[in-house]
Amino acid sequence: MSFIRSPSYVTTRNWKVRRVRQGYLFPAIPFVSPAAQGSMRHMGRDDQVRALQTHIANHGPLVTPDVSIYDAIASLPKGGGRLILSEGTWVVRSGITTTKKVHIFSACPGATRLVRQQNIPDPIITLANDFSTIDGITFVDSDDTRKVPAVKVTGDYCTVNNCTFEDVGTGVELAGQYWNTVSNCIFQSCSERGVFVSGTPTMHSILNNKFVSCGTDAWLHMDSGVDKSLICGNVFDYASGTIEYTGGTNNQTAAEVESCNAVQSGNITRN
């Protein structure tokens, strides 16, 4: 495979987005297509850098663990934007709250890890703006005995997709009002709850997730005011845990939840 030489780092919006190992760029940026690599291979060095900066502007900067996620989000324009996180581990020492519409993706799902330091009272990330997305990130808690979620969603129309939650107290809390989705995630060894839907929201979706040895409290808990929400396509570990949802209108019956998910019938509670 041919690699394109680059300077030791590339900047966009005045902050460093990627240290390039050994002067080579593309092995660290898998979302650069072969066609783009081919077109850039024949450019001069300055043209390569300009082309790369254009590519970053169109697809989002690649952020490595030497740049804080807080700083990366702060660098985005007022209207928000997209961030691509590289492989590696970020130790989160204070909660991150997004006040912009952000799409945070992993360049290597499963290898991008956000670890919450012990005694931090806040979620690792709170999506506070509508239409935000987290995709492909692994969340880990150094203290898995708390109910403080790893991810909290307070905006609307947000998505948590293809993420993994390992040894956390609670994986995701949906506290927004409308149309939030948790999909294609893995919840493994959650000491409290995998997903917690709080407040009086409507039309949330919990779809195609896997809950493995998760939830001494509940795999999934919906508060009494939850309305018109869908639980379907999920796989729940038969060994432990329950699905709890109460009140609301136009929610599924226990039989409908059972038929739409892989779960033991005795572990579904609907009051």
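This is a predicted model: local features need pLDDT of at least 70, side-chain atom pairs count only at pLDDT 80 or more; totals for chains, interfaces and linings use all residues.
I began with strand E15, where five of the five residues are buried, so the strand is largely enclosed by the rest of the structure. Buried here means under 20% relative accessible area, exposed means over 50%, and partly exposed lies in between, with a 1.4 Å probe and protein chains only. Strands (E, at least two residues) and helices (H or I, at least four residues) are DSSP runs, numbered from the N terminus.

Residues are numbered from 1 along each chain as its sequence is written, and side-chain values use heavy atoms, with hydrogens and water left out.

**Neighbours of E15**

Which strands does E15 pair with through four bridges? I found that strand E12 (residues 149–153) runs parallel to E15 and is joined to it by four bridges, and that Val153 stands opposite Leu174 of E15. I then found four bridges from E15 to strand E18 (residues 193–197), again in parallel, with Arg193 in E18 as the bridge partner of Thr170. Two strands count as paired if DSSP finds at least two bridges between them.

Tyr178 counts as partly exposed because its relative accessibility is 38%, and Trp179 counts as partly exposed because its relative accessibility is 45%. Phi of Trp179 is near 55 degrees, which is a positive value in a residue other than glycine.

I looked up Asn184 next, which lies in the loop between E16 and strand E17 (186–188), and its phi is likewise positive, near 55 degrees, in a residue other than glycine. Asn184 has 40% relative accessibility and so counts as partly exposed.

**The open sheets**

I traced an open sheet of eight strands with parallel pairing, in the order E3-E4-E7-E10-E13-E16-E19-E22. E3 pairs with strand E4 (residues 81–85) over two bridges in the parallel sense, and the partner of Leu62 in E4 is Ile84.

I traced another open sheet, of seven strands with parallel pairing, in the order E5-E8-E11-E14-E17-E20-E23. Here E5 and E23 (235–236) are the edge strands, each pairing on one side only. Within this sheet, strand E11 (residues 138–141) and strand E14 (residues 164–166) pair over three bridges in the parallel sense, and Thr138 stands opposite Thr164 in E14.

**Salt bridges**

How many salt bridges does the structure hold? I found two, a salt bridge being a side-chain nitrogen of Lys or Arg within 4 Å of a carboxyl oxygen of Asp or Glu.

In one, the side chains of Glu166 and Arg113 meet at 3.5 Å, N to O, linking distant parts of the chain, since Glu166 is in strand E14 and Arg113 in strand E8 (residues 112–116), 53 residues apart. Glu166 is partly exposed with a relative accessible area of 24%, as is Arg113 with 27%.

Arg116 forms a salt bridge with Asp141, and the closest N and O atoms are 2.5 Å apart. This pair also links distant parts of the chain, with Arg116 in strand E8 and Asp141 in strand E11, 25 residues apart. Are the two partners buried or exposed? Arg116 counts as buried at 0% relative accessibility, and Asp141 counts as buried at 6%.
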